[in-house]
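Here are a few exercises to work through with the model open beside you. Try each task before you read its solution.

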Amino acid sequence: MPRPERAFRTQGIILKRRDMNEADRLLTVLTPDHGKIDVIAKGARKPTSRSTGHVELYTRVDLLVHRGREIGVAAQAEMLEPYLRLREDLQRGAYANYAVELLDRFTGDSEEAGNRLFTLLEQTLARLCSEKEARLVMRYYEIHLLDLVGFRPELFQCVEGHEELQPEEQYFSYVSGGVVCPRHTSGSAALVRLPLTILKLLRHIQRSPFAQVKALQINGALHDDAERLILGYITYLLERKLQSVEFIHRIRR
Ligand SMILES: [Zn+2]
């Protein structure tokens, strides 16, 4: 069996950053080929550290990682893209924070879709810097992230009867992860109303490239409704996920 290389070089986006010991930092980094990894940035909290001193959240860096027995050590970190606008604009910075936190919470270690996740996050941070309509950037990110982590919302079939949806007002089921038509609502709990305009917007976002999505003209009320629906679904999924993690810990004890 070939021995794993002792060191590797990789691009990465910083998802999480915690202080460690007196001088070090523990970084959670999303990479294209190694998935999500934790690495120690030695001496990163010293203001004079030149090798790994500038690892800020949601920056893209080039890392040289030495494999440790349990955890890698970042020997070098070179800034590739600071996404400056996200540091200057409070609202856009908050979106970027939310984007990396969401990705961190939805993924485990050594995620299969690492490469596509990395591309999606990298494009999203760049778009948050360049695009006029940040809310469309975020909806596009959420819908495609859910897809990559296995929670693609079903928007074309009724999740109860599996028939094709008619052009009429529908419902959305957080529990079933998709649209429920008005004829199949009796068996489903906790449904939210899904007007046709929101359904059309979500479908468009799900199946179109961003270049087409960004051309949409959307009024504020529709933005608010779409945001509320997706956030509701994401919150439901994360709470369920947290509960299952808690359950695993409980039965281990
Ligand atoms: Zn149905």
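A nonpolar core is a set of buried Ala, Val, Leu, Ile, Met, Phe, Trp, Tyr and Cys residues joined through C-beta atoms within 7 Å. Buried means that 20 or more other C-beta atoms lie within 10 Å of a residue's own, exposed means 12 or fewer, and partly exposed is in between, with C-beta atoms placed from the backbone. This is a predicted model, where local features need pLDDT of at least 70 and side-chain atom pairs count only at pLDDT 80 or more, while totals for chains, interfaces and linings use all residues. Residues are numbered from 1 along each chain as its sequence is written.

**Exercise 1.** Find which residues have the most contacts inside the largest nonpolar core.

*Solution.* Start with the core itself: 59 residues belong to it, and Val29, Val39, Leu103, Leu121 and Val179 have the most contacts inside it. Next, look at helix H4 (residues 134–148), which gives the most to this core, eight residues. (Helices are DSSP runs of H or I with at least four residues, strands are E runs of at least two, and both are numbered from the N terminus.) Now zoom in on leucine 121: leaving aside neighbours within four places in sequence, it is in contact with Ile13, Leu30, Ala99 and Leu103. Contact here means C-beta atoms, placed from the backbone, within 7 Å.

**Exercise 2.** Work out how the buried residues of H2 are arranged around its axis.

*Solution.* First list them: Arg92, Tyr95, Ala96, Ala99, Val100, Leu102 and Leu103 are buried. Seen down the axis of H2, they fall within an arc of 155 degrees, so they line one face of the helix. That arc is taken over the directions from the helix axis to the C-beta atoms. Finally, the buried residues of H2 pack against strand S1 (7–20), strand S2 (24–31), helix H1 (85–88), helix H3 (114–130) and H4.

**Exercise 3.** Is asparagine 21 buried or exposed?

*Solution.* Locate asparagine 21 in the loop between S1 and S2. Count its C-beta neighbours inside 10 Å: there are 11, so asparagine 21 counts as exposed. One more thing to spot is its phi, near 50 degrees, a positive value in a residue other than glycine.

Key:
Two residues are in contact if their C-beta atoms, placed from the backbone, lie within 7 Å.
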